[in-house]
There are 2 protein chains.
Amino acid sequence: MTTVTKKDLVDRIADKTGQKRGDVKEAIQLFLDEVIGELTNGNRLEFRDFGVFEVRERASRVAQNPKTLEQVVVPARKAVRFKVGRLMRERIVVGESHSEPVATR
Amino acid sequence: MTTVTKKDLVDRIADKTGQKRGDVKEAIQLFLDEVIGELTNGNRLEFRDFGVFEVRERASRVAQNPKTLEQVVVPARKAVRFKVGRLMRERIVVGESHSEPVATR
């Protein structure tokens, strides 16, 4: 398993398109910044075939520390959710919807 | 809440940078395609401040249909996971690590 970085992809895209590396870098960086900005503003982003980014709110709740038995309020928080799009799902997720009966013993 | 699309961001990036709309569109589309391609090949992508995309394997397991009591094998499957990066987390996720004791009644 390899870890791929933004720089790796910028280099590759510049090579494939013949665009200037600096231009590609600027566009990709702005793209990622815009995603963060839109999520910060409470908007969702939908990129066809790729997926959807959105912010989900988790309600405040009371939880108990199992050791001290102290009850604490866990405040409402936000979490970013990424839902995989159709194309990515088809390519990556294998056997997702198939369940087979267990053989009788 | 607004839904923002790839086209929205391409237009915005072209306006901000002065790059040709077609060039920006090509770079962004290739970027998203490369992410899907790398995940399909089992690699992870790490974009600083933004987050990490990776594929997790879920093991095969036996489950029971609660209505028919039939046991079925749920096959191993893959799922794409997005882990939010530091910058995005700080901007969006509020009050994440603070829990307050419940007032005694």
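User: How many residues does the contact take from chain A and from chain B?
Analyst: The model is a predicted one. Residues are in contact if their C-beta atoms, placed from the backbone, lie within 7 Å. On this basis the contact takes 60 residues from chain A and 60 residues from chain B.

User: Which element gives the largest share of the side of chain A that touches chain B?
Analyst: Several elements of chain A give two or more residues to this side, including α1 (6-17), β6 (77-84) and α3 (86-92). By class, the side has 32 nonpolar, 12 polar and 16 charged residues. The largest share, 13 residues, comes from α2(A).

User: Are α2(A) and α2(B) roughly parallel or roughly perpendicular to each other?
Analyst: Both helices span residues 21-40 of their chains, and their axes lie 10 Å apart at an angle of about 65°. Angles of 65 to 115 degrees count as roughly perpendicular. The two helices, α2(A) and α2(B), are therefore roughly perpendicular.

User: Which residue stands opposite Leu45(A)?
Analyst: Strand β2 of chain A covers residues 44-47. β2(A) pairs with strand β1 (residues 3-5) of chain B in the parallel sense, over three bridges. Within β1(B), the residue opposite Leu45(A) is Val4(B).

How values were computed: Residues are numbered from 1 along each chain as its sequence is written. Chains are lettered from A and ligands numbered from 1 in the order in which they are written. This is a predicted model: local features need pLDDT of at least 70, side-chain atom pairs count only at pLDDT 80 or more; totals for chains, interfaces and linings use all residues. Axes are lines fitted to C-alpha atoms, for helices over the stretch in contact, and angles run from 0 to 180 degrees between N-to-C directions. Helices (H or I, at least four residues) and strands (E, at least two) are DSSP runs, numbered from the N terminus. Angles under 35 degrees count as roughly parallel, over 145 as roughly antiparallel, 65 to 115 as roughly perpendicular and the rest as oblique. Two residues are in contact if their C-beta atoms, placed from the backbone, lie within 7 Å. Ala, Val, Leu, Ile, Met, Phe, Trp, Tyr, Cys and Pro count as nonpolar, Asp, Glu, Lys and Arg as charged, and the others, Gly among them, as polar. Two strands pair if DSSP finds at least two bridges between them.
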